[in-house]
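Here is a friendly walk through the model shown below. Keep the viewer open and follow along.

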Amino acid sequence: MKVLTVIKRVEDPEIKVKIKGDGSGIETDQMKYVVNPFDEIAVEEALRVRDAHSGELIVACVGPKDATQQIRTALAMGANRGVHVVADKNLDPHNEVKALQKVVEKESPDLIILGKQSVDDDLGQVGALLAQQLGWSQISFTSKEESLEGPEEKGKQTALSIADGSLQALREVDGGVEVLKAKLPAVVTTELRLNVPRYASLPGIMKAKKKPIEELAAKDLLGDTSSIIKVIGMEAPPSRAAGIKVENIGELVEKLKNEAKVI
Amino acid sequence: MSNVLIFVEHAEGEVKKSSLAAVTFGQELAKVKGGELHLALIGSNLGEVVDQARKYGAAKVHTFDNACFENYQAESYTQALVAGAKASSATMVAGATTSSTKDLMPRVAGELEAAMASDVMAVVGANQFKRPMWAGDVIATVELATDTHIATVRATEFDDPAEGGESPVEAHDLNVDLSSLKTEFISIKQVKSERPDATSADVVVAGGRGLKAQENFKLIEDLADCLNGGVGASRAICDAGWVPNDLQIGQTGKVVAPNLYFAIGISGAIQHLAGMKGSKVIVAINKDPDAPIFQVSDYGLVADLFDVVPELISSLK
């Protein structure tokens with residue numbers, strides 16, 4: 001089983017981003033970058049699939065030169081090798097998918113696992129678009145019903161059941177859960193509640209330094225990488241006026257009734 | 001023609017509330033583009049939902065009514081929407097942001113070689129839209145640089161649509177052979193709830209880790225029931241399996257904007273705030289006076305929720 005996982009380098013979601021004065025982008029001074037949290041879940045699930053079915057896990061990333069750090073993180077978690085499509089900056093979904101198609105052509109994986117969205121642009125388009133462009137089956141928002149704090153999770157079992165050239169998985173939908181069965185090769189995107197990603201161990205980090213990362217240039221693969229989703233301005237969301245503290249329930253109910261008039 | 005096609009979702013014979021907001025977006029955008037509004041309904045035995053969809057003055061309601069569309073499936077619904085887009089000469093295909101459209105619209109974008117704006121909050125121009133980035137810390141204006149455009153629409157940002165002249169119906173005879181699809185639908189398990197959905201309720205009561213144990217979520221439900229409200233949850237207790245993930249409010253869960261939002265035992269991580277800070281009035285109950293939730297709440301009460309929530313329930317009864 002050859003598994004490909006796709007990661008993205010994003011701003012640390014624990015840090016509140018600041019918009020540049022002219023609205024042209026965000027401040028990047030002293031910014032910390034991480035693996036997109038949904039993609040970390042994808043790497044974890046991909047490791048479990050690889051370990052259950054034996055084979056190889058390749059981690060692919062389309063992004064700037066510095067994204068090597070994030071690829072190393074995935075290698076330290078246990079991925080076998082990396083493919084880095086180097087671009088000046090993160091690309092839009094349309095261009096990222098075109099670059100990934102080139103990687104898929106070369107590697108022919110059986111399964112691609114990636115996060116359902118990245119926490120920078122919050123577009124959430126790459127998984128489904130990649131499946132459509134490849135003509136592969138697709139299961140978005142894979143999840144599991146068991147608690148992430150329960151014994152099943154500690155056993156690091158994959159939630160994706162793979163047999164006889166098909167993959168069956170649970171996916172979250174509004175108002176419930178759905179079970180789909182996808183013919184391989186397939187594209188799977190991950191929800192938050194699929195697994196708890198492992199931390200890279202010290203030996204894992206040491207080993208990752210020696211694992212190969214193949215570098216390809218986005219401009220060689222794609223030619224024109226100009227975005228079809230142009231960000232022409234950024235502004236801060238309307239801020240909420242500071243509220244008050246109430247002393248007790250009596251005061252709260254009184255305020256909700258007579259001041260806010262919402263009950 | 002620069003027409004707009006809105007994918008209208010429905011359940012139990014009714015147009016979903018979130019899709020009504022998408023129709024409003026469609027009405028607004030059609031005006032800006034100087035084109036017509038078209039609606040697409042996909043399903044099996046559509047029945048009276050067609051009459052409801054005819055009320056909003058659309059140039060046409062396109063129906064795809066066939067047994068093959070009984071269950072939502074990305075591949076079959078893509079075929080229907082692409083056929084609908086062609087039949088309506090649409091240069092924008094959009095729907096409310098839902099689990100189906102998040103799965104579906106990027107595929108439609110691929111088929112139509114279209115750029116897509118996700119979770120649109122406002123129409124700025126014919127090809128310019130406002131949308132959130134970085135969990136809503138940034139509101140970006142984006143321009144879609146293709147001939148055809150795709151969007152998902154954040155339902156809480158648009159009101160119900162104005163009614164208009166009765167729309168004619170064009171029934172499309174499309175039958176997708178489900179055995180030809182690469183992904184097979186096996187089953188769906190719907191969580192039936194007597195309570196209103198958090199995305200459409202006037203009052204939402206949400207609970208977090210401060211509840212300490214799964215069984216204490218009943219406090220949240222009891223308070224919601226007093227106010228005829230919906231319930232929600234923080235990511236932490238969804239991950240813990242106390243409640244279905246479907247209740248999660250936040251950047252990656254549901255975005256809600258009720259008149260009144262209770263955050264109980266929720267610290268207020270950025271990701272949670274992204275899903276509820278559009279609420280009109282926010283009440284926070286937390287025993288940690290430094291919890292970030294108090295920075296966005298209109299009324300904050302620093303207290304042990306196990307003392308004060310029962311008191312709140314009895315004072316509302």
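## The seven-stranded sheet of chain B

In chain B, seven strands make an open sheet with parallel pairing, in the order 7-11-6-1-4-5-12. Strands here are DSSP E runs of at least two residues and helices are H or I runs of at least four, numbered from the N terminus; two strands pair if DSSP finds at least two bridges between them. Strand 7 (115-120) and strand 12 (169-171) of chain B each have a single partner strand, so they form the edges and one side of each lacks a neighbour in the sheet. On average, neighbouring strands of this sheet are turned by 20° against each other, direction ignored. Within the sheet, strand 4 (residues 37-43) and strand 5 (residues 60-65) of chain B are joined by six bridges in the parallel sense, and B:Ala40 stands opposite B:His62 of strand 5 of chain B.

This is a predicted model, in which local features need pLDDT of at least 70 and side-chain atom pairs pLDDT 80 or more, while totals for chains, interfaces and linings use all residues. Residues are numbered from 1 along each chain as its sequence is written, with chains lettered from A and ligands numbered from 1 in the order in which they are written.

## Helices on that sheet

Helix 3 of chain B lies across strand 1 (3-8), strand 4, strand 5, strand 6 (90-96) and strand 12 of chain B, and runs at about 155° to strand 4 of chain B. Such angles run from 0 to 180 degrees between N-to-C directions, with axes fitted to C-alpha atoms, for helices over the stretch in contact. Helix 4 (residues 99-111) of chain B also packs on the sheet, touching strand 1, strand 6, strand 7 and strand 11 (149-153) of chain B.

Helix 3 (residues 74-87) of chain B reaches 20 Å from first to last C-alpha, close to the 20 Å expected for its 14 residues (1.5 Å times one less than the number of residues). Its buried residues include B:Tyr77, B:Leu81 and B:Ala85; buried means 20 or more other C-beta atoms within 10 Å, exposed 12 or fewer, and partly exposed in between, with C-beta atoms placed from the backbone. Just after helix 3 of chain B, B:Ser89 takes a positive phi of about 50°.

## Where the chains meet

Contact between the chains involves 65 residues of chain A and 67 residues of chain B, counting C-beta atoms, placed from the backbone, within 7 Å. Strand 10 of chain A gives the largest share of the side of chain A that touches chain B, eight residues. That side divides into 32 nonpolar, 16 polar and 17 charged residues; Ala, Val, Leu, Ile, Met, Phe, Trp, Tyr, Cys and Pro count as nonpolar, Asp, Glu, Lys and Arg as charged, and the others, Gly among them, as polar.

A:Ala182 lies in strand 10 of chain A. It counts as buried because it has 24 C-beta neighbours inside 10 Å. Its contacts beyond four places in sequence include A:Ile139, B:Lys182 and B:Thr183.

Strand 13 of chain A pairs with strand 10 (residues 138-144) of chain B in the antiparallel sense over six bridges, with B:Ala140 as the bridge partner of A:Met234. Strand 14 of chain A pairs in the parallel sense with strand 18 (residues 299-302) of chain B over three bridges. There, A:Ile244 has B:Tyr299 as its bridge partner.

Terms used:
Two residues are in contact if their C-beta atoms, placed from the backbone, lie within 7 Å.
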